[in-house]
Amino acid sequence: MGKQIVVIGAGVAGMEAAGQLAKFGYEVSLIEKEKSSGGHINNWYKLFPDRRNSSEVKEYLDSVISGKGIKMIAGTTIEKVTRGKNHFLLDTAGGEQLTADAVVIATGFDLFKSSRKEEYGYGIYDNVITSADLEDMFRKGSIKKADGSTPGKFGLVHCVGSRDEKVGNLYCSKLCCVTAVKQAIEIREHLSDSKVFCFYMDMRMGGAYYEELYREAQEVWGVNFIRGKVSEASESINKKLIVKVEDTLAGRPLKMELDMLVLMAGMEMSEGGKQISQMAGLNTGENRFFLPADHHFGSNKSNIKGIFYAGTCTAPMNITETISHARGAVSDVIDYLNNGVS
Amino acid sequence: MKLEGKKAVWSEYQKEIADDNYFYVRSCIRQNFFPGSEVAFLKIMKEELKKDVYEHPCHTTCSGIGYHADVVPVDTAMTVVARQFAMMTEAGYKNYVPSCITSFGLYTEILETWHHFPEVEAKVREYLRKATGREFEKPQNLAHASDVIFKFRKEIAAKAKFKLINKNTGAPLKVVDHIGCHYAKMFPSKGVGGAEYPYVLAGMIEEWGGEVIDYPERRHCCGFGFRQYLVQANRGFSIACSKEKFESMKPFKPDMIITNCPGCPMFLDRWQYVINEMEGKKYGQNNEGIPVFTYEEVAGLVLGYDPWDLGLQMHQTDCEPVLDKMGIEYDPEMKHSLKSGLGNSRIKNLITI
């Protein structure tokens with residue numbers, strides 16, 4: 001019988017890690033709390049920077065885990081982790097007990113709950129939505145206000161729940177800026193008469209071809225970028241949203257009437273990840289994500305021998321980085337199982 | 001607007017408010033602005049709710065108005081506050097209830113400062129000891145007087161003689177709730193409902209039959225803002241702030257405004273008169289102003305108190321439209337008279353002159 005590995009979380013990182021481990025002949029159990037695999041990518045429309053349809057990535061990941069050696073256990077969670085001398089016992093909520101020679105944590109991230117930024121009125125004003133809600137509208141091919149009418153003027157708020165001491169998240173979620181740029185272009189594609197305003201602190205376009213996308217948004221699609229934070233949103237008698245912003249380049253406050261306000265929700269450590277960290281005694285950082293053993297040489301390694309990390313359970317990452325990180329985890333798992341290095 | 005969204009926020013901001021035995025401290029300015037309000041609070045607490053409320057004859061200003069106007073240093077403000085706490089301690093009370101929102105904000109700020117910087121508290125204790133020989137305990141419970149009325153809003157509703165309902169139409173009165181900036185904007189967790197969607201006045205309005213209006217500039221300053229008004233050169237900005245609010249709330253056709261701060265009712269009330277003088281503009285219905293009330297005045301009206309006993313004749317924007325809608329009977333002849341009836345003709349003569 002070959003070595004057994006449990007991968008917790010069947011999102012992008014978990015699927016990639018499970019697929020690669022199976023290729024090397026390991027027996028992999030892939031645990032997913034939802035009823036199907038894919039994680040957040042199931043909810044996305046198109047991906048930056050090349051605007052590829054997210055379903056293409058999902059199709060790739062499905063093919064990765066379709067080979068031999070992977071047992072998918074969906075719709076359950078891990079309730080208990082017990083450490084043996086050279087193995088782990090993992091009890092699922094479904095009553096199954098799994099034995100693992102190594103464990104890969106790929107519990108991903110949760111989107112920041114935008115209602116915590118009370119001043120933006122998410123959950124209170126009808127036409128305040130999140131970036132995830134807008135992706136859903138894109139996927140359905142219908143961008144409508146709550147009353148069914150077509151919105152004309154959009155505001156996109158960057159850094160919602162990121163770089164924000166008030167909500168306890170000092171870190172940058174890294175992908176919200178480029179998501180806003182991508183969504184601004186997509187709004188203009190869907191609604192050619194629309195006007196889009198992005199409210200940002202800094203434009204952090206650090207990935208390959210992100211800056212080019214940012215230029216395209218301005219030059220081709222006429223998206224307006226205003227450097228300043230939205231301080232509050234409210235609703236007028238005719239159900240228009242009124243936002244107050246400080247335009248820090250113009251050096252003056254701004255009040256604007258909008259049809260729709262889209263909040264670029266940041267990334268936070270997932271609830272599932274928090275539970276695993278507590279039950280297994282895994283270290284977490286000040287940002288509450290899992291803390292890797294070493295940021296430079298051991299970003300896939302944990303403080304427990306035999307447990308490894310893959311993907312956004314350690315920090316915000318895009319899909320490219322997540323897949324690379326998952327492959328790094330596979331490399332470390334193989335090194336550990338063959339050479340005892342952890 | 002989704003009410004359930006607001007309820008979710010309100011549920012996050014609950015605060016402990018003592019049941020009884022309050023040490024009450026008055027505001028510096030409210031007795032001049034709206035003299036019936038604090039009297040009404042004491043009457044409601046003592047006579048209606050049978051609560052123990054104690055006022056120390058020697059308490060002073062908290063000095064918050066000077067602190068926020070940059071004329072009283074923070075060490076002085078803290079020592080004055082320490083003296084107030086000493087009087088509470090000497091009187092055997094533990095639940096501190098200020099009438100003023102700025103006082104509430106200052107007490108909260110000082111207690112938080114002392115919590116995080118105990119060496120500052122020790123220094124202030126030493127100042128107080130040297131200056132007065134007094135010692136003090138910190139309050140076990142700090143609640144603004146509007147928190148206390150909020151706590152007993154259902155009991156007041158149970159005794160209500162009038163509701164915030166238009167007796168002619170049966171519709172709830174549309175009410176703007178305006179919260180003083182120092183209530184929760186500095187420390188959201190210390191206010192009922194938090195800072196963004198405060199519930200302290202909204203809860204009273206709901207319980208007494210009214211409908212709360214959510215208008216775009218509801219968070220905006222009333223126009224007092226200390227330096228906006230205390231510095232004479234800034235008074236144009238003060239009235240501009242109030243005007244911004246009136247313009248924003250007007251489309252919602254409010255019947256009345258309720259406030260919980262000393263300055264807010266003053267400025268929202270007086271500036272309506274001034275704007276009308278300057279521009280001939282009124283913001284209420286039927287070419288009237290929007291009557292502005294303190295929460296104690298509204299509680300008093302709900303309980304059936306005489307409008308003139310509540311001091312409503314001191315308002316510059318007439319309150320009668322609301323009294324008429326609620327079905328409250330009043331004697332117009334007594335509006336500017338003493339209880340004995342004297343003074344009526346004298347006032348009339350003054351008006352004639």
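Student: What makes a residue of chain A count as buried, and what percentage of the 342 residues is that?

Tutor: A residue is buried if 20 or more other C-beta atoms, placed from the backbone, lie within 10 Å of its own, exposed if 12 or fewer do, and partly exposed in between; by that count, buried residues make up 44% of the 342 residues in chain A. This is a predicted model, in which local features need pLDDT of at least 70 and side-chain atom pairs count only at pLDDT 80 or more, while totals for chains, interfaces and linings use all residues. Residues are numbered from 1 along each chain as its sequence is written, with chains lettered from A and ligands numbered from 1 in the order in which they are written.

Student: How many helices and strands does chain A have, and why is the chain called as compact as a globular protein of its length?

Tutor: Chain A has seven helices and 20 strands, where helices (H or I, at least four residues) and strands (E, at least two) are DSSP runs numbered from the N terminus. Its radius of gyration, taken over C-alpha atoms, is 22 Å, close to the 20 Å that the globule rule gives for 342 residues, so chain A is as compact as a globular protein of that length; the rule is 2.2 Å times the number of residues to the power 0.38.

Student: How do you know which residues of chain A are in contact with chain B?

Tutor: Two residues are in contact if their C-beta atoms, placed from the backbone, lie within 7 Å, and on that basis 12 residues of chain A are in contact with 14 residues of chain B. Strand β15 (residues 230-235) of chain A gives the most to this side of chain A, with three residues.
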